[in-house]
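Subject: Structure handover

Hello,

Here is the structure I promised to pass on. Please open it next to this message.

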Amino acid sequence: MSTIITIAVQDILPDRESILRAQGITDNGRVSERIGGSVDEAIGLFEQLAKPTAITREISAADFGLIYHGLGRNEQPGPIEGVYRDGRHLLVFAATVGPTVSAKISELFAIGEFVLGNCLDAAASEGADRISTRLETMFAKTLIARGIPDDQTVVFAYSPGYCGWHISAQKALFGFLRPEQIGITLRESFLMEPLKSISGALIAGPREIHIFEGTYPFCAQCRTQPCRARIDALKH
Amino acid sequence: MELLKKIKESIYNGEDAEVRILTEQALADDIPPRRILDEGLIAGMTIVGGKFKAHEIFLPDVLLAAKAMYAGMDVLKPHFLKGGMPSKGKVVLGTVQGDLHDIGKNLVGIMLKGAGFHVIDLGNDVTPQRFVDTAVTEQASVIGLSALLTTTMPVMKQVVDLVHDRQLTGQIRVIIGGAPVTEKYARDIGADAYGFDGINAVECVEKLLKQV
């Protein structure tokens, strides 16, 4: 059975630093008052317009394997195969911040408010990513409440489009989960609408299952490498 | 000329209201509109582009400068009667069929306009036929393609192939960009250039237009 979850926007609110980082401004970069003001305004707009919603459904490793392999277009080899096979509890998810934020971004660009539009776009992307972090925490708590030992409940999210998992696998994921129930649809190109939506699987197990090296051929193409920081945190 | 220098500085500082006032003043002082455009507005954006490339300023600074430039161009537009605003060339821009991501494409469009190009933005989910038909109708020299998904990148090759099939190779150049796109991919599909960010896209388009 699927579960629909309404997430409090305050739980996924992006911070200033992440929005600036998305625009190439690191901690040591100069930020004018004007640009800082736009960042703050973007966060305010995101808080006002975002309607974060998720749909989740637990799944066996065997059934997840069918989703993972999807249309057979994954990179071979890839790390997720090992992760899910060793995972103890799995759940597939899809989530969105809602269509209103994307509409506002388009409107801001159309009226020449480029900085605010770009900041809001960065805020929305960061907010969408934070939904998966929130879902990780929620799933871990659910498992602990069921009496699953702590050391079996390290939960990480994995998404199509990353780590060799081809985005076409979303077709099988959508078939299983039916995210249309929360307004997320999938195009033939495997693009999700609304744009600021995410999908994937939460895999829970001992921390070792999530540790892999970033030495796959496709790792070199990955601009963000979100896996590295969390794997490094597991190692220490 | 002091006024043109002030316009350049105001562009760099992203002061759109000031650019508007200074541009109006320059016109009132009988400075030719073309000179205001070239030596004030575009010259200011050229400095901005250089500073961005040198990592001295960042994307939001460039966007503020672009907004300031547009403010100046709005003042100048009515003063270019015949043939409209002069431009360095026409670029047809869009996100390819099946894809709706448009932020990167928008940023490239903003920077191309800021550099003095006439940009015809077709939006997103654009078919190969529409790209090429528009380029032909508008007599554009460059088609710029954006894709954010590996599944929509193949449409870029369809555009390149269509340009070739309609014997427009050399007359219309194709530049591609987007997160999953690489220089190698551009070479593999026969595109003329790959732009890794907005400023780089402007440089590439300028080089392409020298070849046409």
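Below is what was found in it, element by element.

Please note that this is a predicted model.

Helix pair in chain B

Start with helix H1 (residues 2–12) and helix H2 (residues 16–28) of chain B. Their axes come within 9 Å and cross at roughly 160°. An angle over 145 degrees counts as roughly antiparallel, so H1(B) is roughly antiparallel to H2(B). The crossing of H1(B) past H2(B) is left-handed. On the H1(B) side, the contact is made by B:Leu3, B:Leu4, B:Lys6, B:Ile7, B:Ser10 and B:Ile11. H2(B) brings B:Glu18, B:Val19, B:Leu22, B:Thr23, B:Gln25 and B:Ala26. By class, the residues of this contact are 7 nonpolar, 3 polar and 2 charged.

B:Ile11 lies in helix H1 of chain B. Is B:Ile11 buried or exposed? It has 31 C-beta neighbours inside 10 Å. The threshold for buried is 20 or more, so B:Ile11 counts as buried. Leave aside residues up to four places away in sequence, and B:Ile11 touches B:Val19, B:Leu41, B:Gly44, B:Met45, B:Val48, B:Ala65, B:Ala68 and B:Met69. Take B:Ala68 from that list. B:Ile11 and B:Ala68 are 57 residues apart in sequence. In space, C-alpha to C-alpha, B:Ile11 and B:Ala68 are 5.6 Å apart.

The sheet in chain B

Chain B also holds an open sheet of 5 strands. The order is S2-S1-S3-S4-S5, and the pairing is parallel. Which strands are at the edges? They are strand S2 (118–121) and strand S5 (193–194) of chain B, each pairing on one side only. S5(B) pairs with strand S4 (residues 173–177) of chain B in the parallel sense, over 2 bridges. B:Ile176 stands opposite B:Tyr194 in S5(B).

Two helices to look at here pack on the sheet. Helix H7 (residues 154–165) of chain B touches strand S3 (142–146) and S4 of chain B. The direction of H7 makes about 175° with that of S4(B). Helix H9 (residues 198–211) of chain B touches strand S1 (90–95), S3, S4 and S5 of chain B. For H9, the angle with the direction of S4(B) is about 165°.

Helix pair in chain A

Now helix H2 (residues 33–49) and helix H6 (residues 114–145) of chain A. Their axes come within 8 Å and cross at roughly 50°. That makes H2(A) oblique to H6(A). H2(A) passes H6(A) in a right-handed crossing. H2(A) contributes A:Ile35, A:Ser38, A:Val39, A:Glu41, A:Ala42, A:Ile43, A:Leu45 and A:Phe46. They meet A:Val115, A:Leu116, A:Cys119, A:Leu120, A:Ala123, A:Ala124 and A:Gly127 in H6(A). The residues of this contact divide into 12 nonpolar, 2 polar and 1 charged.

Where the chains touch

How many residues of each chain are in contact with the other? The count is 22 residues of chain A and 20 residues of chain B. On the chain A side, the elements that give two or more residues are H2 and H6 of chain A. H6(A) gives the most, with 4 residues. By class, the chain A side has 9 nonpolar, 8 polar and 5 charged residues.

Over to you.

Conventions
Residues numbered from 1 in each chain as written. Chains lettered and ligands numbered in written order. Predicted model: local features only at pLDDT ≥ 70, side-chain atom pairs only at ≥ 80, totals over all residues. Axes fitted to C-alpha atoms, helices over the stretch in contact; angles between N-to-C directions. Parallel < 35°, antiparallel > 145°, perpendicular 65-115°, else oblique. Left-handed = near helix turned anticlockwise from the far one by under 90°. Contact = placed C-beta atoms within 7 Å. Nonpolar A, V, L, I, M, F, W, Y, C, P; charged D, E, K, R; others polar. Buried ≥ 20, exposed ≤ 12 C-beta atoms within 10 Å, placed from the backbone. Pairing = 2+ DSSP bridges.
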